[in-house]
Amino acid sequence: MMTSIPLLTRLPAWQALQTHYAKIRGLHLRRLFAEDPNRGERLTAEAVGIYLDYSKHLITGETLELLLQLAEEAGLRTRIDAMFRGEKINVTENRAALHTALRAPVERAVFVDGQNVIPQVHAVLNRMEEFAKRVRNGQWRGHTGKSIRTVINIGIGGSDLGPVMAYEALRHYSRRDLTCRFVSNIDGTDFAETVRDLDAGETLFVISSKTFKTQETMTNAHTARDWVLKALKDPEAVASHFVAVSTNAEEVAGFGIDTANMFEFWDWVGGRYSMDSAIGLSTMIAIGPEHFRSMLGGFHQMDEHFRTAPFDRNLPVLMGLLGLWYNNFFGAQTVAVLPYEQYLKRFPAYLQQLTMESNGKRITMDGTEVAWQTAPVYWGEPGTNGQHSFYQLIHQGTKLIPCDFIGFIQPLNPIGRHHDMLMANMFAQAEAMAFGKTSEEVLADNTPSWLAPHKVFEGNRPSSTILLERLTPEALGKLVALYEHSVFTQGVLWGIDSFDQWGVELGKALAARIIPELESENESVLDHDSSTSILIRRYRMLKKLPD
């Protein structure tokens, strides 16, 4: 089923934005702030404990009005309502995209194919909670009677990036005598280094694969099983050291896992939107059920804000529109996400999948090729580390890179002046990017004229500043949902399906074909291009050489 969508470039607001862009493209933030002393207060929005300052963007009141008009003309409100109702907005897979149901309260009713899915969601949550408590209080024991000391999540993509990010982000709330580790890469080094110092009798593996057939995940899972059996010598040990997050009971049982220890999720949950489903089991074990449910509460608060707030005060909508403004009119090709919080060190990597797998598309939902740019590249690093790495390019390079600064008022680990210094750097970097330093200001510092051009900062580098009070589980849920819905906003305007990911399939299919060719002892005929065939032959020849 394909959906008819309005052609973006024919919308009146889009055409008005093109004319408007030509008029204001030369404006500088120095002038915009000088002409409007209240700009820093006026261009802000606040909801559910998140303060968004978007005053340092290259926009005027007219820009914002036209962007909001574009959202209306593109039918964003209708699409938001359809998503929350459980309609099958993932058109290429004929599925709902109902991650919001994962954090809905038990009294809510959300229907998919005529069935209220909320009771299923809470039934799985309750089972997760019971299991997590057993592991945490020592009731769940390994095959030799030892308590579990290490939980290893084996997954890839959304079955890995979400749990890894959440564990690192919420490490402050985790049990320190219970460690979580993560294996995702099919490179054997990932597994080898993860288990090198572990006792198999104290290790629990969570195998996260919806089909229980994902190549990378199941290769690592079988390696983990071999490792456990080599140490514990008894095939029955598998049931005590492995649980599954899956929907394929037959494959789970065949692996040796008791299906009573299989935690379900559904095809209306995309992998990159699944960290608050059973995929988050390792997170719940680490931080405890109460904190996990608090995180779900944060997600739900942002869901409700996105669902109900007027667009001019709607945080995800505003962020999505601003991103579109730079991507489609200024030609900005990347966005830097800069959390000034060490616990969020994996947040940019998590957002890479969320944003680029969702909106890295060139075909609209009605099957035609887009005539506009879609998702930019997302990247980033925690401050202040990035300042001594790539900020030089942002400040003085030739590329326009909009930035998201994320900070927290209260530190989780207050040590001396550290947090004031951290936040001073965040505020200073946003200010420097916006206003820069003119040639006159550089020369006024007695800088030699020959050196002055090198010390000039053009400024006019746009940024958002996102402030929260404290990094709590609830706050993390709000922050992730903020970006989820911003991504959806942009996908709606670009007319693409943000919830499929056909682009990952071709490489997987070709890899499955090449694996036996690499392992073959015979010089088989290779039906590839000349480059790939030569590489395969070279690999086969050299891997036979002695170490």
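Predicted model: local features only at pLDDT ≥ 70, side-chain atom pairs only at ≥ 80, totals over all residues.

Residues are numbered from 1 along each chain as its sequence is written, and side-chain values use heavy atoms, with hydrogens and water left out.

A search of the whole structure finds 27 aromatic pairs, where rings of Phe, Tyr and Trp (its six-membered ring) pair if their centres lie within 6.5 Å, and planes under 30 degrees apart count as stacked, over 60 as edge-to-face and the rest as tilted. Two of these pairs are set out here.

| Pair | Geometry | Centre to centre | Between planes |
|---|---|---|---|
| Phe131 and Trp140 | edge-to-face | 5.0 Å | 75 degrees |
| Tyr326 and Phe330 | tilted | 5.3 Å | 45 degrees |

Both Phe131 and Trp140 are buried, meaning under 20% relative accessible area (1.4 Å probe, protein chains only). Tyr326 counts as buried because its relative accessibility is 1%. Tyr326 and Phe330 are separated by about one helical turn, because they stand 4 residues apart in helix H14 (residues 315-330); helices here are DSSP runs (H or I, at least four residues), numbered from the N terminus. Ring pairs also link Tyr326 and Phe330 into a cluster with Trp14, Tyr21, Trp325 and Phe329.

Elsewhere, Arg225 lies over the face of Phe255, at 4.5 Å from the ring centre, the criterion being CZ of Arg within 6 Å of the ring centre and within 35 degrees of the ring normal.

Helix H7 (residues 158-169) is largely enclosed by the rest of the structure, because 12 of its 12 residues are buried.

Key. Buried < 20%, exposed > 50% of the residue type's maximum accessible area, 1.4 Å probe, protein only. Helix = DSSP H or I, 4+ residues; strand = E, 2+ residues; numbered from the N terminus.
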